[in-house]
Amino acid sequence: MKRNIRKVAVIGSGVMGSRIACHFANVGLDVLLLDIVPGDAKESTDKKARNKIVNDALKFALKSNPSPIYSKSYASRIETGNLDDDLSKISDADWVIEVVIERLDIKQQVFTNIEKHRKPGSLITSNTSGIPIHMMLEGRSEDFQKNFFGTHFFNPPRYLKLLEIIPTPKTDPKAVEFMMDYGTRILGKTTVLCKDTPAFIANRVGVFSIQALFHTVEEMGLTVGEVDKLTGPVMGRPKSATFRTCDVVGLDTLVHVANGVKDNCPNDEKKDVFAIPGYVTKMVENGWLGSKSKQGFYKKAKDENGKKTILELNLETLEYQPKTKAKFPTLEMTKAIDDLKTRTKMLYNGMDRAGEFYRKSFNGVFNYVSNRIPEITDEIYKIDDAMRAGFGWELGPFETWDAVGVKAAIAKIEETGEKPAQWVYDMLDSGAESFYKVEGGAKKYYDIDSKTYKVIPGTENLIVLDNLRETNTVWKNSEASLIDLGDGILNVEFHSKMNTIGGGVIEGLNKAIDLAETDDKWRGVVIANEGAQFSAGANVGMIFMMAIEEDWDELNFAIKKFQDTMMRLRYSSIPVVAAPHGLALGGGCEMCMHADKVVINSETYMGLVEFGVGLIPGGGGTKEFVVRLNDSFKEGDIRTNELRNKFLTIGQAKVSTSGQEAFELGYLREGIDEVIVSREHQIAYAKQQAILMAEKGYVQKPQRTDIEVMGKEGIGIVYVGAHSMVSGNYMSTHDQLISEKLGTVLCGGELSARTKVSERYLLDLERKKFLELCKQPLTLARIESILKTGKVLRN
């Protein structure tokens, strides 16, 4: 029987339960969230009092930052209740997930009650992070047992991509197969199948890595600041690095997991590493647990001038001190290296203390993960997937090992008197020299049992640009590449810093359309990349240099070229699909607004942010808002209301907090653009959409000449509003000037009456006002502030 998930019941509304419920609502499911009745309301008949725990928990979750929900309106999909009055409502749930306190006796009691009401065949899972899954089956029915397994979400569930699936020997394999696919496609997770071992995969390896680092820091006498400098983005890890991450997670949580592994894994050859160092034990005793206790490895304070500052803990004296500035020759050498694999090899081979640190850290992890097979998993890729999705590592342990060289790392490990697992030597003896290789556009992993390379299951129908780049690149320059996705679809990939849009990206976009319009081989274009950000916008540094040099003709030409390229995306003879993710700001947003279709990832932060640097959108973004303003009007509408909304979206530089919210802000179009939750499937789906448009018979559209603008009628309203904001000290005079320029474009210029104009007229007006603002000293000061500090300078 085909399994469908329409309704999910979440049992337990704590930090994890309430946020898991929100993520289910994010993907369109009906959710029932239940928790216990408060002790003082047991005898009450007041529903509000009896639901206080669950309602307060959900309310707290919805107010948290970052938000667990894509759109505030989605909260209506969550129904709350209590376990005494409402448990019978799970009878129509297709999936019941338990997220209660980590005590086996309580979980078993909850399952006994669930079994009284659940419908046969419904999935039952536990979000436990430490209790063996098979121990929860005692006393359960056969149907319960075959549909029961572990589903370990990582916190926060919306943002961390890992979902560990842990079956028991009695779990129906079809239920596991279903959840592996559902978790990826619908929930947008990296689903990893785990064995039922302590801490499963990610926490087992991740906590080992942190514990080993705790001991290494002691041995080498490194400071908190030095370690976080060494273990952050430079090695492909999150900005929070090590000690800041510990503060966020909570030192007590880490200690709990470490002790759990130490106590439950007596045969782990590195169990001594899980012993808690003295300084960590003292911190826990003092209650210095991190963010939850306001101090941990870091502490917020004020200096003698009352200025806020952050102090770091001296691990020897356990006293707080000013943050240390870390300087290592190896880090200086790698600053110009963008490719992480190349940089990792340089870090590993460094000749200073940093190099020594990296060798100790990497070698310890290499050795450890090699010995975890087949204990926690039989396949190497599962460990890498878990660490990337659960701990934010850009390269998993085996991918890192490949980057530094398998043989070279073994030699260094052997110098310390240790050896990795025998299967690694067997792999080398078989002629295989790496854990992974790319072949035929597919990434393959080394399979230990067969001693051959196999395609990673579940990736057969995905498009991974990294696997195609070497063989399928059609054209490239320093900022962009055109990659053949097959079936007549070209992909435009950016690889400038932060994927900003400069001359090279503009050249790449035009080249893609040139090829697709003139060569029968091509029938559509996708704009997508696999960087951390889709695009942070136009190259502001280039604009700044032209403005400083007062090269206005050259700047005018550059802005017009940008505008013309955006219009080519909209009005070419082939379909263009944009697939943004991460940041899609400024010019990146304008690019999407001009594509025939946008397939946006749910974790996309889209906005026209130019106002913040003293400008208005100049790449067609302001024009496009005028077009959409015109198209949204219905007979009887009050135009000034919608004008105000569009003005404030740009004037307040509003950025969507999700792909869904980009529709609410007007950056995307209902009925045309789509949201996809899975990043892994995004490019393949965008390609499908381009093919579909081509096969339906794509027709080149004429540029618009029928856009009705308000003229002076609307401009007057904008001017009055801006003047009142200045009078009330809510806006500077410079912001007033920007507002007036923006309002002039949105209203189509100083026309005496409502008039129909063309897109070209609006683009010329937009560019004129953009250039006028570039000549303002305060605008240049703001841009310079951004370039120097990353922060907007307000006058």
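Please keep in mind that the model is predicted. Counted over the model, the salt bridges come to 56.

**A pair between a loop and a helix**

Let's start with Arg140 and Glu115, which form a salt bridge whose closest N and O atoms are 2.9 Å apart. Arg140 sits in the loop between strand S5 (123-126) and helix H5 (142-146), while Glu115 belongs to helix H4 (residues 104-117), so the bridge ties together parts that are 25 residues apart in sequence. How buried or exposed are the two partners? Arg140 has a relative accessibility of 10% and counts as buried, because the cut-off for buried is under 20%. Glu115, with a relative accessible area of 21%, is partly exposed.

**A pair between two helices**

Next come Glu759 and Lys623, whose side chains meet in a salt bridge of 2.9 Å, N to O. Which parts of the chain does this pair link? Glu759 is in helix H30 (residues 759-774) and Lys623 is in helix H24 (residues 621-632), distant parts of the chain 136 residues apart. Glu759 counts as buried at 1% relative accessibility, and Lys623 counts as buried at 0%.

Lys769 is buried, its relative accessible area being 13%, whereas Glu772 is partly exposed at 22%.

| Salt bridge | Closest N and O atoms |
|---|---|
| Arg140 and Glu115 | 2.9 Å |

**A network**

Salt bridges can also join up into a group here: Lys47, Arg50, Glu79, Asp85, Asp86 and Lys89 are linked in a network.

**A buried asparagine**

Finally, have a look at Asn467, found in helix H19 (residues 465-472). Its relative accessibility is 9%, so Asn467 counts as buried. What does Asn467 touch, leaving aside its neighbours within four places in sequence? Asn467 is in contact with Val438, Gly441, Ala442 and Lys443.

Terms used:
Residues numbered from 1 in each chain as written. Predicted model: local features only at pLDDT ≥ 70, side-chain atom pairs only at ≥ 80, totals over all residues. Heavy atoms only, no water. Salt bridge = Lys/Arg side-chain N within 4 Å of Asp/Glu carboxyl O. Helix = DSSP H or I, 4+ residues; strand = E, 2+ residues; numbered from the N terminus. Buried < 20%, exposed > 50% of the residue type's maximum accessible area, 1.4 Å probe, protein only. Contact = heavy atoms within 4.5 Å.
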